[in-house]
Amino acid sequence: MSSVNADPLRVIAAEPPPFSGRDAIAIASNHYGLSVSARELISERDRNFHLAAGDGREFVLKITSSAEDPLVTDFQIQALRYIEAHAGERGTDIATPRIVPALDGRMSLELDSAAGTHVARLVTYLPGVLLVGKPLSPALCRNFGVYAAKLGRALQGFEHPGSNQSLIWNMNDASRVREISHHIPDRPLRDLVTACLDRFEAELLRSFPSLRWQVIHNDLNPENVLLDPRDDTRVVGVIDFGDMVRCPLVVDVAVAASYVRDFHGDPLARIAAFLEAYHSVTPLERREIDLIFDLICVRLATTVAVLHWRIAQRGADDPYLNNSVSAESTAGKFLASLREIPREHARQTFRQVCASADAATARGAW
């Protein structure tokens, strides 16, 4: 399958769409019959607005970059509709944004600007507290693992021609991270990133064709995971499906686990709790389990490289850059911490927790 958007950096390098809060209010009124106020949200490449209606309803208006192929936007729209249509019948009690049709029934709109043509869609706003900054208790890590597995189950069977987008966050394109790794100023950290990519190319990538593939969320980071305001160990929703791709299922596990960063004690302990819970819902195969540690390192390496590339590309007053520096400043430190752990020790740890989950399931303990 050929990739959508052949340059994996093209979309995130483009300027965000030139629309204001006033524009968002007009779009909501003209196309959705809504009277709202608008507050801009920070986004990597889209222009997003939180809309609040007078009757208490809340929405998010997402306007894509003109650099993004409309097929990719439709992929994201259809994925949300697929989850809404099928999640309940699969027993996956998860909450994701829902697509709100325009007055004329369209699921998306085409908007023109001086930068080109943009696709916009309106989705429901999910209430909750972001996982960002919350203590990674064992209970939270377990609930996160269960929720991630349920989301993967909700996406099973979904197919779309836009699922092969070429994006620097797509693990299938991880080798392209080399093109931007020179932006990492710290030589030891740059060497760590290079070592991760070397192993990826020499060992991991060749195993991809034999793994389970499906559409995955691909970005279960703390800014996209919502917690219950009354119980910050309970996950209640997932947002932002902009990095979805068709990829080995285990990549989704590794991406989420790369954000379970614990700098106190054993850095594998919280990841193990996440993984054990995930495995209790969606059992992982032995070959998948043995790839997780290295895939986590590849994701962290990508995060480090993209962060420093963005610092080189964007101005100091860029809000997304400032947010990224704050949110991802620990990625390099965590990568260095993990790389001190013998690979086989990590594999054995993950095998053992998955075996424990199997035993617990057999006893009916989960």
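In the predicted model, Phe 144 touches Leu 131, Leu 220, Val 225, Val 235, Ala 256, Val 260 and Phe 274, leaving out residues up to four places away in sequence. Phe 144 belongs to the largest nonpolar core, which holds 96 residues; together with Met 171, Leu 295 and Leu 338, Phe 144 touches the most other members. Helix H8, spanning residues 286-313, provides the largest share of this core, with 14 residues. Another core lies apart from it and consists of 19 residues, including Tyr 32, Leu 51, Phe 59 and Leu 109.

Val 304 is placed in helix H8. With a relative accessibility of 3%, Val 304 counts as buried. Neighbours within four places in sequence left aside, the contacts of Val 304 are Ile 184, Leu 189, Val 193, Ala 331 and Gly 332. Leu 284 is 20 residues from Val 304 along the chain, and the C-alpha atoms of these two residues are separated by 28 Å.

Val 225, one of the residues touched by Phe 144, stands opposite Val 238 in strand E10. Strand E9 (residues 225-228) and E10 run antiparallel and are joined by four bridges. At Asp 228, the bridge partner in E10 is Asp 231. The two strands form a hairpin, with two residues between E9 and E10. E9 and E10 are also part of an open sheet of three strands, in the order E7-E9-E10 and with antiparallel pairing. Strand E7 (129-130) and E10 each have a single partner strand and stand at the edges, so one side of each has no neighbour in the sheet. Strands of a sheet pair through backbone hydrogen bonds, and the pairing may be parallel or antiparallel.

The loop regions contain several residues with computed features of note. Asp 243 lies in the loop between strand E10 (231-238) and strand E11 (245-248). The relative accessibility of Asp 243 is 5%, so this residue counts as buried. Residues up to four places away in sequence not being counted, Asp 243 touches Glu 44, Arg 45, Gln 165, Leu 167, Trp 169, His 217, Asn 218 and Asp 219. Asp 240 is located in the loop between E10 and E11. Asp 240 is partly exposed, its relative accessible area being 33%. Although Asp 240 is not a glycine, it has a positive phi of about 60°.

Asn 218, one of the residues touched by Asp 243, is found in the loop between strand E8 (213-216) and E9. Asn 218 has a relative accessibility of 0% and therefore counts as buried. A positive phi of about 75° is found for Asn 218, although this residue is not a glycine.

Rolling a probe the size of a water molecule over the atoms shows where empty space is left. Across the whole structure, the search finds two cavities of 30 Å³ or more. The largest cavity holds about 50 Å³ of space. Its lining is formed by Ile 168, Trp 169, Asn 170, Met 171, Ala 174, Asn 218, Val 251, Val 255, Arg 299 and Thr 302. At least two of the lining residues are supplied by helix H6 (249-257), and at least two by H8. Two of the residues in the lining, Trp 169 and Asn 218, are among those touched by Asp 243. Met 171, also in the lining, is one of the residues that touch the most other members of the largest nonpolar core.

Glu 68 is situated in the loop between strand E3 (58-63) and helix H3 (70-86). The relative accessible area of Glu 68 is 6%, so Glu 68 is buried. The side chain of Glu 68 is joined to that of Thr 73 by a polar contact of 3.0 Å.

Technical notes:
Residues numbered from 1 in each chain as written. Predicted model: local features only at pLDDT ≥ 70, side-chain atom pairs only at ≥ 80, totals over all residues. Heavy atoms only, no water. Core = buried A, V, L, I, M, F, W, Y, C linked by side-chain atoms within 4.5 Å. Buried < 20%, exposed > 50% of the residue type's maximum accessible area, 1.4 Å probe, protein only. Contact = heavy atoms within 4.5 Å. Polar contact = N/O pair within 3.5 Å; in protein donor to acceptor, adjacent residues only side chain to side chain. 1 Å grid on protein atoms, 1.4 Å probe; cavity = no way out; pocket = protein on both sides within 12 Å on 5 of 7 lines; lining within 4 Å. Points joined across faces, edges and corners; volume = space filled by probe spheres on them. Pairing = 2+ DSSP bridges.
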